[in-house]
Amino acid sequence: MKKNHSEKLQEFTEKLKNMPEIKGVYYDGSTAEQSWDIYSDIDIGIFVKDKDYKKILNKIQKLLSWWGEIKLYNTGDFGEHYAFVGNDYFKVEIGVNKQSELKPSYEFKNIKIAFDKTGYLTKIYKKSKKISKSKLNHKEFVNFFLNTRSNFIYSARHYARGQRLSGASEIGSIGGRLFYYLGKIKGMEGWESLRNAENHLTKKEWNFLKISSIKSLEKKEIKRAIKANWKYMKYLENLYEKNSGKKLNLKCNDKEILNIINKTIK
């Protein structure tokens with residue numbers, strides 16, 4: 001179901017514009033596109049001079065309360081401030097950017113500038129528009145696939161030692177990292193892979209997600225999950241070589257590694 005916050009957003013933006021410390025405001029995500037549904041957040045970025053940063057931080061919670069009674073307030077992993085407001089727990093998020101830390105980036109190319117008092121925000125945006133998605137880093141992928149083999153051995157040894165939860169947890173982590181790198185191979189950044197999963201995953205890839213998870217700590221299940229994740233890893237290696245046009249040439253003996261794993265979990 002569609003939702004329209006444009007009128008209230010404009011009113012709030014005018015409030016921000018009248019604050020002398022705030023030099024620019026931009027919208028991100030669904031707010032930039034004004035493509036909200038009933039589950040969407042309001043995502044706002046503000047740009048300030050370094051000297052005004054702490055002053056603005058002290059005002060953020062009050063600014064968020066403009067949208068309604070704050071039910072839950074916190075800061076996110078990237079320093080953004082957010083609040084769930086009102087009885088329906090509508091989420092509003094404000095990211096505060098110092099001028100010295102505001103740099104061109106791939107993510108920044110999709111913002112919509114609401115106002116820019118100094119022109120600096122526009123300058124960063126224009127530079128960001130020229131940035132392409134990062135190319136596949138061959139060394140990174142070689143390291144990832146070698147480390148994944150190491151983690152298979154690690155998980156098997158922890159499980160055999162009696163640290164069953166540790167071993168099982170590591171196998172689960174392998175599956176999560178494989179999904180992350182599947183997204184990278186397909187040219188997706190950040191949350192793109194998860195949020196677009198229904199559109200980009202093939203039937204085979206959905207099945208890998210299903211079979212790579214661990215359902216119990218029983219030895220039979222651990223061995224099954226290791227086999228499934230190993231198959232998942234080999235699929236990614238073939239996909240990487242196909243998409244990148246480069247051979248991984250991993251300097252290891254998979255037959256020996258699998259033998260060690262199987263001997264460890266007898």
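User: What stands opposite Gly45 in strand 5?

Analyst: In this predicted model, Gly95 of strand 5 is the residue facing Gly45.

User: How do you know that strand 2 and strand 5 pair?

Analyst: Pairing takes at least two bridges. Strand 2 (residues 42-48) and strand 5 (residues 90-98) are joined by 7 bridges, so they pair. The two run parallel.

User: What makes strand 3 and strand 6 edge strands?

Analyst: The open sheet has 6 strands in the order 3-4-5-2-1-6, with mixed pairing. Strand 3 (70-75) and strand 6 (112-116) each pair on one side only. From one strand to the next, the twist averages 20°.

User: Why is helix 3 said to touch the sheet?

Analyst: Contact means heavy atoms within 4.5 Å. Helix 3 (residues 53-65) touches strand 1 (22-27), strand 2, strand 3, strand 4 (81-85) and strand 5, so it packs on the sheet. Its direction makes about 170° with that of strand 5. Helix 4 (residues 120-129) also packs on the sheet, touching strand 1, strand 2 and strand 6. The direction of helix 4 makes about 155° with that of strand 6.

User: What makes Phe145 and Leu236 stand out in the largest nonpolar core?

Analyst: Of its 33 residues, these two touch the most other members. Helix 10 (219-244) is among the helices that each supply at least two residues. Its share, 10 residues, is the largest.

User: Which residues does Leu236 contact, leaving aside neighbours within four places in sequence?

Analyst: Leu236 meets Phe145, Leu178, Tyr181, Leu182 and Ile185. Apart from this core lies another of 25 residues, including Ile22, Val48, Phe90 and Val96.

Methods: Residues numbered from 1 in each chain as written. Predicted model: local features only at pLDDT ≥ 70, side-chain atom pairs only at ≥ 80, totals over all residues. Heavy atoms only, no water. Helix = DSSP H or I, 4+ residues; strand = E, 2+ residues; numbered from the N terminus. Axes fitted to C-alpha atoms, helices over the stretch in contact; angles between N-to-C directions. Core = buried A, V, L, I, M, F, W, Y, C linked by side-chain atoms within 4.5 Å. Buried < 20%, exposed > 50% of the residue type's maximum accessible area, 1.4 Å probe, protein only.
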